Amino acid sequence: MWDFILASGNLPFSLAFVLVCAIGLLQLLSLLLGLGLSELIDTALPDLDIDNPGFFANGFNWLCLGRLPFLIWLLLWLLLFAIIGWTLQWLLMNLLGGLLPPLPVAIAALAVSLPLQRRLSLLLVKLLPTTETNAVFQRELIGLVGEVVIGEASRERAAEVSVTDKQGHKHYVMAKPYDDLVLSQGQLVLLFDLEDGIYLVSPYPG
């Protein structure tokens, strides 16, 4: 089995699976450390304006990007890509007696994986409506009160802030004060703006 997995023809699919394991390990470590890796990544990513018409917006919308936490979306796609690629190469090996070069099989795996990705993403959105799949865009958190939970926030350095959205779901975002204030752990803060993926906050009550 290892000879098959490590074969050069399976390189893109094996790398995709390694990424799945690495991301899963990082997520586990972040949870043990009290960090929200998924929330941090979603905060750092730019908003996807999927409501406006356009080629990219339509593509993102079709792929359900922005409707699931990006880390979950990415893990799902990498896993699909790896499994489909391995399956195609296994079938071709049994039919032709050997593996094909990775590029054409990777293209085929990509073509098959994207529609499946869409279907599974839509299913996850329906099955997990009250957890992280509740797509809370970054700006929807503006105006809410959070609490500094890890680190000390200053103008030069952001700290992690927990904030609960209007649906009652907790998010962990990176935030820093708008001026030269230093905000310690436990400080309540008001999120009032977003700058390069980092929330600007003021002490609450201000």
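Q: Which DSSP runs count as helices and strands?
A: Helices are DSSP runs of H or I with at least four residues, strands are runs of E with at least two, and both are numbered from the N terminus. In this predicted model, local features need pLDDT of at least 70 and side-chain atom pairs 80 or more, while totals for chains, interfaces and linings use all residues. Residues are numbered from 1 along each chain as its sequence is written, and side-chain values use heavy atoms, without hydrogens and water. The chain has 6 helices and 5 strands, and along the sequence they follow the pattern α-α-α-α-α-α-β-β-β-β-β.

Q: Where is arginine 155 found, and is arginine 155 buried, partly exposed or exposed?
A: Arginine 155 sits in the loop that joins strand S1 (145–150) to strand S2 (159–164). Buried means under 20% relative accessible area, exposed over 50%, and partly exposed in between (1.4 Å probe, protein chains only). With a relative accessible area of 28%, arginine 155 is therefore partly exposed. In sequence, arginine 155 and leucine 200 are 45 residues apart, yet from C-alpha to C-alpha they are 9.2 Å apart in space.

Q: In which sense do strands S3 and S5 pair, and in which sense do S4 and S5 pair?
A: Two strands pair if DSSP finds at least two bridges between them. Strand S3 (residues 170–177) runs in the parallel sense with S5, over 3 bridges, and here lysine 176 has leucine 200 of S5 as its bridge partner. Strand S4 (residues 188–195), in contrast, pairs with S5 in the antiparallel sense over 6 bridges. Along that pairing, glutamate 195 stands opposite isoleucine 198 of S5, and valine 189 stands opposite proline 203 of S5. The hairpin of S4 and S5 has 2 residues between the strands, and in this hairpin aspartate 196 takes a positive phi near 55°.

Q: How many bridges join S1 and S4?
A: S1 and S4 are paired in the antiparallel sense over 3 bridges, and within this pairing glutamate 147 stands opposite leucine 188 of S4.

Q: Where does UniProt place the feature "transmembrane region"?
A: The unreviewed UniProt entry places this feature at residues 12–35, 70–92 and 98–116, although such annotations may be inferred rather than shown by experiment. In the model, residues 70–92 are 100% helix and 0% strand, with end C-alpha atoms 33 Å apart. Residues 98–116 are 79% helix and 0% strand, and their end C-alpha atoms lie 27 Å apart.

Q: At what angle do the axes of helices H5 and H6 cross?
A: Two packed helices are described by the angle and the distance between their axes. Axes are lines fitted to C-alpha atoms, for helices over the stretch in contact, with angles from 0 to 180 degrees between N-to-C directions. The axes of H5 (residues 70–96) and H6 (residues 102–127) come within 8 Å and cross at roughly 135°. That angle makes H5 oblique to H6, since angles under 35 degrees count as roughly parallel, over 145 as roughly antiparallel, 65 to 115 as roughly perpendicular and the rest as oblique.
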